[in-house]
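Trainee: I would like a close look at a single part of this model. Please take me through one interface between two chains.

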Protein chains: 4
Amino acid sequence: MNGNHYDVAIIGGGVVGASIAFQLAKRQFRVIVLEKERVAGQASSAAGGMLGAQSEFSNESPLLPLALKSRAMFPSIAEELKEMTGIDIGLVQKGMLKVAVTDEEREALQRHYEFWKKFDGSARWLTIHEATEMEPNVSCDLKGVMYLPNDGQVSASDLSVAFAKASIVYGAEWREYTEVVNFLKEGKTYLLYTNHGTMAADAIVIAAGAWSAQILERTGISIPMYPVKGECLFVKTERPLVQATVFAKNGCYIVPKKENKLLIGATSTPNTFDKKVSVQGIKRLLEQAQQLIPSIRHAEWEKAWTGIRPQTGDGLPYIGVHPEYERVWIATGHYRNGILLSPITGVLVADLIEGKGSGEIDLAPFSVTRNSHVTHL
Amino acid sequence: MNGNHYDVAIIGGGVVGASIAFQLAKRQFRVIVLEKERVAGQASSAAGGMLGAQSEFSNESPLLPLALKSRAMFPSIAEELKEMTGIDIGLVQKGMLKVAVTDEEREALQRHYEFWKKFDGSARWLTIHEATEMEPNVSCDLKGVMYLPNDGQVSASDLSVAFAKASIVYGAEWREYTEVVNFLKEGKTYLLYTNHGTMAADAIVIAAGAWSAQILERTGISIPMYPVKGECLFVKTERPLVQATVFAKNGCYIVPKKENKLLIGATSTPNTFDKKVSVQGIKRLLEQAQQLIPSIRHAEWEKAWTGIRPQTGDGLPYIGVHPEYERVWIATGHYRNGILLSPITGVLVADLIEGKGSGEIDLAPFSVTRNSHVTHL
Amino acid sequence: MNGNHYDVAIIGGGVVGASIAFQLAKRQFRVIVLEKERVAGQASSAAGGMLGAQSEFSNESPLLPLALKSRAMFPSIAEELKEMTGIDIGLVQKGMLKVAVTDEEREALQRHYEFWKKFDGSARWLTIHEATEMEPNVSCDLKGVMYLPNDGQVSASDLSVAFAKASIVYGAEWREYTEVVNFLKEGKTYLLYTNHGTMAADAIVIAAGAWSAQILERTGISIPMYPVKGECLFVKTERPLVQATVFAKNGCYIVPKKENKLLIGATSTPNTFDKKVSVQGIKRLLEQAQQLIPSIRHAEWEKAWTGIRPQTGDGLPYIGVHPEYERVWIATGHYRNGILLSPITGVLVADLIEGKGSGEIDLAPFSVTRNSHVTHL
Amino acid sequence: MNGNHYDVAIIGGGVVGASIAFQLAKRQFRVIVLEKERVAGQASSAAGGMLGAQSEFSNESPLLPLALKSRAMFPSIAEELKEMTGIDIGLVQKGMLKVAVTDEEREALQRHYEFWKKFDGSARWLTIHEATEMEPNVSCDLKGVMYLPNDGQVSASDLSVAFAKASIVYGAEWREYTEVVNFLKEGKTYLLYTNHGTMAADAIVIAAGAWSAQILERTGISIPMYPVKGECLFVKTERPLVQATVFAKNGCYIVPKKENKLLIGATSTPNTFDKKVSVQGIKRLLEQAQQLIPSIRHAEWEKAWTGIRPQTGDGLPYIGVHPEYERVWIATGHYRNGILLSPITGVLVADLIEGKGSGEIDLAPFSVTRNSHVTHL
């Protein structure tokens, strides 16, 4: 059994599981990651990769300190991962234009701006003239524009794979196509039954994204989580159309990627694990993108895809211990902030496992028992 | 030289070249097909495969008798090709709904109907009620509907490949990735210089689609031809939405293919060989398709592609002898009727080469010298 | 609940589930198929499509009558499915050459021939000369050749999709990306909890291929099943190299498909759900194929893929009722005969559900409780 | 005509054309690149990306100074292109193991080592023990190993695209799908007839790789050039197997790329433009790779592809002026050193066009008229 006995077994090989594996392996834990399909095979590869610590929040939220801290970690993470794996995670720090296309959106955007104005002075309200001077291809029919210079972006799949490869350099093991059917406690050890045999671990981390609820149900609890399908697409232009990410208040965003590709996302279809790209999803994204950057209509079509993002009842992720099993940790429900939050989540979960606590960060809002919706089956 | 001496060398391995090769090889000619890329690599694979002998014509045209004859050949061609190659060309004979979505289109459609009314009685003018009874998923906001029960469809790429494979069964040779750089007459023989060596043939057929003009220029003549890019796409539904092909007067068509796929085509961008799929092309096709069949918005996206179709100055193909070189034949410019016209073109060209003449069909309107636009370089 | 109440819920949308859905829907049952990914997304699309009722069996086996009956059903099934769905399942009835490449294999092949000799006289032992006369591209270094004229082949994915589409024509519903997490009996009804909500059904069929054991474990029983990965590849030749399927005694087979493609299969790697194509798998298949048909080395590479086949402890499928739940039926473990056995399995399971019994076929050898290996968890 | 009048028209958008466009645009020339298909669509994207300035040469050659100079340019080029385009060209400077697998190869390798020993002391002869200590996954059955620490590698397609994008930043224009049919001199201007209209330029650079001979033929000269097809493939391992590139004396090389991918190349099939991947090509590459790194057999198959490389009669590229047309420059025939030589070729051609001469580099060996094989048609 020794060969199959680990300090920590992580269920889920997406960006969150990979970041946790990276932090734990770096700290000498003997780690195994159990992934039912491929590394970063779901939402982690589908994501736009925006680091929208400011653009995603317009109100106080317990998630805010995590988002800001995590965003600040990217420059050093990028360097460390490049060094260890040779993978460039594509960190771009050219800011974000958050834009309104209707009067209602303009009002919401102004409140969003008021919220950040006091923060560090970086958020700026632009006139349309200033905006089109900064980004000449952005439509001059916009109703309002906020500029967030510190919200950058990365390549989501490169980040995920780099975390995984770096964890392997530190000694972590990965098993793809390995689905955990069940796990049982035997003394101080957890036995994990998978479709590729049984493994033993002292601790377990459930980081299975939208599939986490299903795993938790087998441990006897039901938490308020649901999948949200997001459709994205890639188009390609002859010249770069924008430097900054352009993010409309209605949810449509355009992220400039390398080789003059533009990533356009994302629709939101709740309550489905269906990974089909729909005709109406593509149509809507193309319409919205063209409203933001009219000359996108001349772009070349590349491809479309979907990701299934894990949303929770109150919109906050679950980061904490299982209510009934000690040393079973949960890290899921990051919805569309998984890429942004992956560095800090890795550190937080590793700290919890080491018994270090979360320092100045209050993890109570992310506890699994924070609301009455958890059902004991 | 014997091993490289052929009766006929066909330049171009699209559906027209393949059909000619099939007819000639069947008649015992020693045939070689020289294709600069792959069999049916251009417009022949990109086509929607409609057999629109009636839907494409609303006026007298010298092409009409060819179109009707060619359409009538499909059932036996389908059987013959299936027998020889095992390939099912996907012949579907469930008719076509030609529809109008504006008042102007309705008037044009009525004239189109008047034109065909006398023909064989098959064309029917449907009330919107009749149309939606026949095809319940077709929009009830249409302005006018004509039903053409005899305009069917095939799988364009299967047809093209089946012609090619059948020609090989009859002894034809095919050379892919073989570009003809030049050809010269030496006595009674033509020498073809290619990027894969030199070949000799007694006769040549130029059937290179949109690339024919370029080849003809090297023979000293310039004909009024230009490429027209067409974009198409595939979507997939859970259940069949339509039985018949739905073809709007504005050019958008929806062809039901096997496995509940719908082929939606086609845009028309003249004067480009650029094979990029554009954002605006996709957007327009999806809008038009949704106008015809609203529930298409729930369909699953499959893919998009383009074809470069060979159009001529007066819209008629060139089928005839080269004005300066005897035994150099030209068969090109079929624009978007290449699939429909391929069977008859194969027979006509084979007949010409055999010296049989074209029977009751008058080929004068298709001669290369029919208009003054041919320039001797 | 009415809208979600079905007569039968089938878990698994592969060829077996689709065939059962087709038979049940044809008999007016209200059927829903729950598929965790896509229709025919696993082994059903990966299969070579051989109908090896004779080539796969060289000894008495309870499976033999099923295999022969099922093979005999294909011509009429092909016609029925083409009629209903427009899909040509690619039935080819040009026989199979079963070949030996070593002396040991020759002896085994001779015993194989002895077994079938008495049967219907169709099996023939060929001299190498006869074999190469029949198939000139087959190596003349073979040690022994048996010809089985009645073992044909189909397109595995076309068959699977055609069953599914035909079942829909008869009223069956299909839910893709729908995973059954658990099911419970409530009175006379089964409640199926899925990642897309709850459904109710009077009866359940588990036809989930290699994933069936996992589902059965949640019902409290463990059966001796294991996955066997098989790698296959497609190559393409300019001319057809063989008419018949060539099947080596060592397991390598070459199946001629349309458009001069050759399907080469299959490796066998037990105990893995890993769908990666391995370097050594490709290397071995190419070596073995070249030994059978030397000129295959000039073929064009197309692609490689894998399928995960459901094998059982004694090599026989499970077709019968669940040992503890009445009206829960099991149809799985067809290993590499799933395509061949799909028609008969559909009929047998539909008969069982109708209470008709299995006629002259003895289903005892396929019962879930046939051996002591079933463990009650 | 003004809008279509350029200082320099470059025919060919591969890595050589792109590097020349980059240098010229940087020096304020008004440049247009005419590419018949896509940027870097042929050999430039297919290449392994080795910078084998020492591994490729074991004798004196006029190409040697260019190769060494060009290799030395990569670190600064990488930085400049990353800065301008955001594209990381994947420069890896971990050296190369040049290995012998037979006794004959060992002797040749020793002579190769003798040649470089005096150079700068960097080349090292390793014992098998040293070699396997450095690269534990390399076979211990090798017969001889030379280590070249300064021969690195890049991502060939990223380099090519980065050159193109950087040239655009400096003002160059690119036309894809634009084939030059002919060009004529009119006064001091060249008129280029393309399938997308006519353009005018004061100078022309022919950098069309394997297609250059065809273009030159239309200008009346025939040069001894021929295409050489090379097949390559990608496999993927769980952990990195090697740090350095492993390059066998028999031509097989294994280049470690990011994400644990290994690029295995390359076969050599002369005199074909055929881009099909052959069964025997794959088989041979897999056999050779497994001989060098046995554990590669467990790797995952990714894909295979081909490139058509431009070889010349004496193995040296053509870099110089057209023998009959002034201000028509030729830069082609780099065979399998196009990636390595692209930086220096860009600088040399830009210098020639500026009238600067080639400094200490003697370009006579690369002149188009260097040998009697040039034929005036």
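Mentor: Start with superposition: copies are fitted by least squares on the C-alpha atoms of residues with pLDDT of at least 70 in both. This is a predicted model, where local features need pLDDT of at least 70, side-chain atom pairs count only at pLDDT 80 or more, and totals for chains, interfaces and linings use all residues. Residues are numbered from 1 along each chain as its sequence is written, and side-chain values use heavy atoms, with hydrogens and water left out.

Now the two copies. A rotation of 180° with 0.0 Å of shift along its axis superposes chain D on chain A, with an RMSD of 0.0 Å. That is the relation of a two-fold axis. The same surface serves both copies: 100% of the contact residues of chain D recur in chain A. Within chain D, Asp88(D) comes closest to the rotation axis, its C-alpha at 3.7 Å.

Next, the contacts. Contact means heavy atoms within 4.5 Å. Here 20 residues of chain D touch 20 residues of chain A.

Look at the charges. Between chain D and chain A there are 6 salt bridges (a side-chain nitrogen of Lys or Arg within 4 Å of a carboxyl oxygen of Asp or Glu). Asp88(A) pairs with Lys82(D) in a salt bridge, with the closest N and O atoms 2.6 Å apart. Helix H6 (156–169) and strand S6 (173–175) of chain D each supply at least two residues of the side that touches chain A. Helices (H or I, at least four residues) and strands (E, at least two) are DSSP runs, numbered from the N terminus. The largest share of that side of chain D, 4 residues, comes from H6(D).

Definitions and conventions
Chains lettered and ligands numbered in written order.
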